[in-house]
Amino acid sequence: MTRGHIFRFARCLAPCLLGGLSLGVARAADPLTIDVQSQSRPPIASSNRWYPSNRAPLVTRPFARLTVGSITPKGWLRKQLELEADGMAGHLEELSPWCKFAGNAWTDPQGKGHSGWEELPYWLKGYGDLGYVLRDERITHGAKRWIDAILASQRPDGFFGPEALRTALDGKPDTWPHNPILSAMRSWQEFSGDERVIPFMTRWFRWQNALPAAQLRGGWGELRYSDYLDSVVWLYNRTGDAWLLDLARKMHENSADYTHGIPNWHNVNIAQGFREPAEFGEIAKDPNFLAATERDYATVMQLYGQMPGGGFAGDENCRPAFRDPRQGFETCGIVEFMHSFEDLVRISGNPIWANRAEDLAFNSLPAALTPDLKALHYLTSPNAVQLDKENHHPDIDDSGTMISYSPYEVYRCCQHNHTMGWPYYAEELWLATADNGLCASLYAASEVDAKVGADGVKVKLVETTDYPFEDSVELKVVADQPVRFPIYLRVPGWCEKPTVQVNGKDVTVAVDKGGYIAIDRAWSNEDHITLRLPMNVRVRTWERNKNAVSVNYGPLTFSLAIGQKWDRYGGSDAWPEHEVHPTTPWNYGLVLEPGNPAASFQVIRKRVVGTEQPFTPEHAPIELKTTARRIPGWTIDKLGMVGTLQPSPIRSSEPTEQITLIPMGAARLRISAFPTIGSGPNSTDWAAPAAAPVQASASHVFESDSVDALNDGILPASSGDQTVPRFTWWDHKGGVEWVQYDFKSPRNLSGVEVYWLDDTGKGECRVPQSWRLLYRDGGEWKPVANLSGLGGITLDQFNRALFKPVQTTSLRLEAQLQPGFSGGILEWRVLEAEVKP
C-alpha cells in the first residue's frame, strides 16, 4: 500500500435509541494517512452523481438506493429467495383468489371485475422484485404482464385500479391500495428503464393533488402516508416537478399525526407509519421530524417490544394488558418494519436501523414461514410452544388468526405482503454513498455492480460470507482500471472489536459499538478486504418483562430446541396446511453463572451453511449448550397458549439438565425469553393459576371474543376502546341474549356495574335497547327487585344498578338488543351485599 490511502472510522453521533456513541480510531501497521472524523453519518458534500438522490430543495441523503437488479444475492439469502420463488409467493396466482389475472379490476380499462383490496397490490410489489433480484425469467415475465395491463388501464383523469375505490370511504376515494402498486411500478422502472412509468405516476399524483384536502383523510391511507411520501419523493427526484412537493406537504398535513406520538395501535400501521415524520423532515428541512420517528420507535418498543426478535406485541393491535413474549407480531408487521428500517438507513445514515432490520430478518421472519416457504402463519411470537389452528382470544386479537401454517387466505394481508421481505432485504445489502462510493449496509454473500468515483467507473464487488452464522466478510474488487472511491463497512451494534485487513495487511480499528469503517483509496482489480466481526455470547435481561433473559451470539438470538410434530390438517399434497405440536419438554428456566451469565453457554459449530436451508433445527449451523431446570408449574394454559412469564428468578427443585439452544429463526416452536432459576431470598415459586371463583357463560359469544373479558379487571378507556379484551354477542342481532355468572359458593349480592361496548364507526355493536337481571333461586330464575339504576345504558362509564339483596349461586344479565344491531360488554362487576351480624 502507498501513502494516500485513507482509512477512517465514520461514527454515528446522532441521538440514538441505544445510548450515546463514542468515536473510533483507526490505526495501521504500515505508514498510512489517517483521517479520523466525528460524523453523524457518511459525508454529504453533495448527492451521489450516478444514482438518483434527493435534489434541491430536499435534504441530501447520506445514501442512495442502487438500481434494482444491481445486487445479486448469493449463499443462504439466495436460498431464501429461491425457496420463495418455488413456494407460496411465486405461485399466488394459483393459490389466491385475488391474484387471478382474468377479470381483475386492477387490469380492466374501466376498473371492473374482481379485485379484493390490498391483496394483489401487496403481492405484486414483492413478486416483481423477487424476479428481478433472482433474474428469474418466469417471475419477471409474470410481473411484466400485470404491470403492462395496469399501465394500459389508467383512465384519462389519472385514476387507475378498481373503480369502486373512488368512493369506497363513505363517498371519498380509498387510495391506500394504489400505493403498493406504485412501489411495484418504481421497481419495474428501475429494473427495466420502462419510459411509461414516470408519466403514469405523474398523472396519478396530479389526480390526487386535485382532491380537496378532506378527501385525503380516512382509511388505512391516512395512517400510511409514509409510503406515499416515499413514492412522491422518488418521482420528484426524477422529474423535478415542484408541485409534487406541494402534494407531499398536503399529504403530511392530512396524515395521522405521528409527529406527536402514536395515533393508532394497529401493529402494521405502526410498522409502516412511524417513519412518516422522518420522510417529511427531508422536505421540511427540520431534524425534529427524524427525532419524532425515533421517539415513536422508542415508545412502541419500550411499551410492547420488551422481548427478543426485533418485533413487538401487536396481535393485531397493541393492548396494554398483553405484553408477554407469547404475544405475536403479524408477518405483515415483520416485513413492513424491516422495510421502514431499510428506508431509515438511507434517510438518516444511522446504522442502528440496519441493526434492527437484521434482528427481524434473522430471528423473526424465517419462523413466520415453513422451511420450504410454502406456507406462513399470521402471528410469530418469541415464546410459542404449540402452533394450532384454534382461536386464542383474548391473547390474539382478531378473528381468522393463524398460529398454524397455511398457504391459503386464512388471513389475507400476510399471505400476499410477506413476498417483499427477502427481496427488499437483498436490494438493500449495498448502498451508494453521497461521496460516490459504496456501503456494505447489510451483510450477505452477494455481488454488486455499480458506478463509483468521480468518473462513474463500473466496478464489481464480490462479497463472500456466511454471516450471520460466521464472523468474517471477504470483499474482492473486480475492475478494468484503477479507480478511487470509498467503501464503507457497517459495524453492527453488538460488535466491540472489529478487525480489518486490506490486501492481507492489518488495519486495527479501536471502536465502541456501531458505526462505519470507511476505506478511501484507489482500488485495483483483485484488491480485497477482510472484515472480521467477532461474535460473543451475550445475555440480555428484560426487566420490563418479569426479568426474563434472552441469549444472543452475534446478531442471532437463540431459542430452546423443542421436538416438533407436524400434523397436516388441510390443504393439498402440494400445498398442505399444518399444525405443529411439541414432542419434548419446553418449560425450562436457565441456570446462569452469577456475575458472568455468558460463561454459562458453550458454542458449538455443527456445520457450514452450505446449500441447505439453515433456518431449521436439523440444519442450524450453530448450537449453544447450557444448563437448565424444568419449572413444572409453567404449562400450556386453557387457551392453548404457553403460560405467561412470572418474575425471575424462580425456585425449582427439579434436577439440572443440559439443554440445546438453536437460532431463533430456525425454531418454529420456541422459548426465546427464558425465566432464570435462583435460590436466594429474591427467588419465588412459580404460582399455580388461581381457581376462578366465578364461571362466566353466555347465550352466544363471537369466535374472536371471550366471556373471560367480562371480569378480567382490565378497564376500558371508553365504550369504543379497541385495546382491551371484550365480550360480544356478534353476529346475533336484534334478539334477546344473556350472559351469566356461576359462583363456586352462594354469594350475597346487591348490585352490578356494567360497562357497555359501543363500536360505532368500526362495527355493529351498540348498547342494548333494554336489559334486566335474574338470579337463580333453587332451580328457578327470578328477576331481582329493582332499587335503582336498572336498565342504564350510558356510554363511556360503568352503569350501576342496585337491587334488593339476594343470596344466589348464579346471576344472569339478559339484554334486548337494538333492532339490526348486536351488542357486547367490556366489563361486568357484581356488588356484594352487606351482611348484618
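A residue counts as buried when its relative accessible area is under 20%, and by that criterion Glu753, with a relative accessible area of 10%, is buried. The structure is a predicted model, in which 60% of the 837 residues of the protein count as buried.

**Overall form**

- The secondary structure of the protein comprises 17 helices and 36 strands, and its C-alpha atoms fill a box of roughly 100 × 70 × 55 Å along the principal axes.
- The radius of gyration is 29 Å, which agrees with the value near 28 Å that a compact globule of 837 residues would have.
- Of the contacts between residues at least 6 apart in sequence, 74% join residues that are at least 24 apart.
- The protein exposes about 30100 Å², of which carbon and sulfur atoms supply 49%.

**Helix α9**

- Helix α9, which spans residues 243-253, is largely enclosed by the rest of the structure, because 8 of its 11 residues are buried.
- The buried residues of α9 are Trp243, Leu244, Leu245, Leu247, Ala248, Lys250, Met251 and His252, and what covers them includes α6 (197-209), α8 (225-239), α11 (276-284) and α12 (287-304).

**Charges and salt bridges**

- The protein carries 83 positive and 100 negative side chains, and the centres of these two sets lie 3 Å apart.
- Side chains of opposite charge can pair when their charged atoms come close, and the count of salt bridges in this model comes to 45.
- Arg800 and Glu753 form a salt bridge through their side chains, with an N to O distance of 2.7 Å; Arg800 lies in strand β35 (residues 799-816) and Glu753 in strand β31 (residues 736-756), so the pair ties together parts that are 47 residues apart in sequence.
- Within this pair, Arg800 is partly exposed, with a relative accessible area of 48%, whereas Glu753 is buried at 10%.
- Arg166 and Asp157 also meet in a salt bridge, at 2.9 Å from N to O, and Asp157 is partly exposed, with a relative accessible area of 36%.
- Asp759 and Arg766 form a further salt bridge, in which the closest N and O atoms are 3.5 Å apart, and both Asp759 and Arg766 are buried.
- Salt bridges that share partners also join Arg65, Glu190, Asp227, Arg238, Arg275, Glu279, Asp343, Arg346, Glu427 and Glu428 into one network.

Conventions: Residues numbered from 1 in each chain as written. Predicted model: local features only at pLDDT ≥ 70, side-chain atom pairs only at ≥ 80, totals over all residues. Heavy atoms only, no water. Helix = DSSP H or I, 4+ residues; strand = E, 2+ residues; numbered from the N terminus. Rg over C-alpha atoms; globule rule 2.2 N^0.38 Å. Buried < 20%, exposed > 50% of the residue type's maximum accessible area, 1.4 Å probe, protein only. Contact = heavy atoms within 4.5 Å. Areas by Shrake-Rupley, 256 points an atom, 1.4 Å probe, with all protein chains shown as cover. Lys, Arg positive; Asp, Glu negative; His and termini not counted. Charge placed at Lys NZ, Arg CZ, Asp CG, Glu CD. Salt bridge = Lys/Arg side-chain N within 4 Å of Asp/Glu carboxyl O.
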